[in-house]
Amino acid sequence: MPKGTHFTFASLGDLHMREENASSFRDLFAKVSKEASALVLCGDLTDTGTVKQAELLAEELGGCSIPVVAVLGNHDYECGHAEDVKTVLTSGGVHLLDGQSCQVDGVSFIGVKGFAGGFGSRMLSSFGEPATKTFVAEAISEAMRLENALRTAKGPRAVVVLHYSPIAETAEGEPPEIFPFLGCSRLAETIDRFKVSAVVHGHCHRGKYEGRTPGGAPVYNVSLPIKKPGGEPYALISI
Ligand SMILES: [Fe+2]
Ligand SMILES: [Fe+2]
């Protein structure tokens with residue numbers, strides 16, 4: 001893609017595919033294919049992470065004629081078959097990112113699921129019981145995997161794909177009691193060490209569409225129920 005040319009991708013999260021809503025996304029994927037150069041799915045691809053749900057989604061993605069990039073969400077781990085979910089989707093041609101990057105038309109997409117832990121100075125720290133330390137270690141591990149993937153990404157334009165939010169701003173609207181479980185600032189701290197054109201995430205079904213990392217990278221909460229500027233269930237983002 002020539003320098004200075006805009007690249008437009010469609011993004012949405014939290015499809016929560018289950019047997020009862022099969023066939024509901026086929027038309028959407030066909031429409032998106034006409035409007036964007038890539039489709040980016042921000043986790044909770046399935047409702048409970050069964051192989052059947054992954055197969056249904058893979059089937060519907062057959063109606064998508066543009067490259068599909070995705071990360072898993074916490075719901076995709078529920079049944080303990082996350083690796084099988086990944087295999088089904090990867091076999092269907094999806095670029096499933098879990099600490100890796102891929103390129104579409106010279107744009108790098110870097111993806112991890114991310115994890116919880118809270119935001120800013122109120123973020124959970126590695127102190128006290130072993131269970132708390134294990135929880136925080138998971139958040140740190142996801143941030144480090146994002147860092148490694150960002151380091152290896154090539155080209156001038158980079159899009160970070162997450163399930164959990166890297167900032168509190170796009171979680172606004174959710175009950176304050178669950179904020180620490182919606183994302184973690186460790187992700188934003190990592191993002192801000194690199195030049196990132198856009199960050200997309202899901203998981204915050206009742207959050208806010210747009211925000212920025214402390215370093216200024218634009219962040220979009222593309223969870224399915226979130227109202228997007230174009231009035232569609234997906235966001236169209238140009239970088
Ligand atoms: Fe979700
Ligand atoms: Fe989620």
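Biologist: Which geometry is assigned to the site of the iron ion (ligand 2), given its four donor atoms?
Modeller: This is a predicted model, and in it the iron ion (ligand 2) is held by D44 (OD), N74 (OD1), H163 (NE2) and H203 (ND1) at 2.2 to 2.3 Å. Four donors count as tetrahedral if all angles lie between 85 and 135 degrees. The angles among the four donor atoms here run from 87 to 154 degrees, and the site is therefore classed as irregular.

Biologist: Which residue coordinates both the iron ion (ligand 2) and the iron ion (ligand 1)?
Modeller: Along the sequence, the donor residues of the iron ion (ligand 2) follow the spacing D-x29-N-x88-H-x39-H. The two iron ions, ligand 2 and ligand 1, are 3.5 Å apart, and the residue that coordinates both is D44.

Biologist: Is D44 buried or exposed?
Modeller: D44 lies in the loop between β2 (38-42) and α2 (51-61), while N74 lies in the loop between β3 (68-71) and α3 (82-91), so the pair ties together parts that are 30 residues apart in sequence. N74 is partly exposed, at 27% relative accessible area. Buried means under 20%, and because D44 has a relative accessibility of 1%, D44 counts as buried.

Definitions and conventions: Residues numbered from 1 in each chain as written. Chains lettered and ligands numbered in written order. Predicted model: local features only at pLDDT ≥ 70, side-chain atom pairs only at ≥ 80, totals over all residues. Heavy atoms only, no water. Donors = N, O, S within 2.8 Å, 3.2 Å for Na, K, Ca; no water. Tetrahedral: all angles 85-135°; square planar, octahedral: opposite > 155°, others 65-115°. Helix = DSSP H or I, 4+ residues; strand = E, 2+ residues; numbered from the N terminus. Buried < 20%, exposed > 50% of the residue type's maximum accessible area, 1.4 Å probe, protein only.
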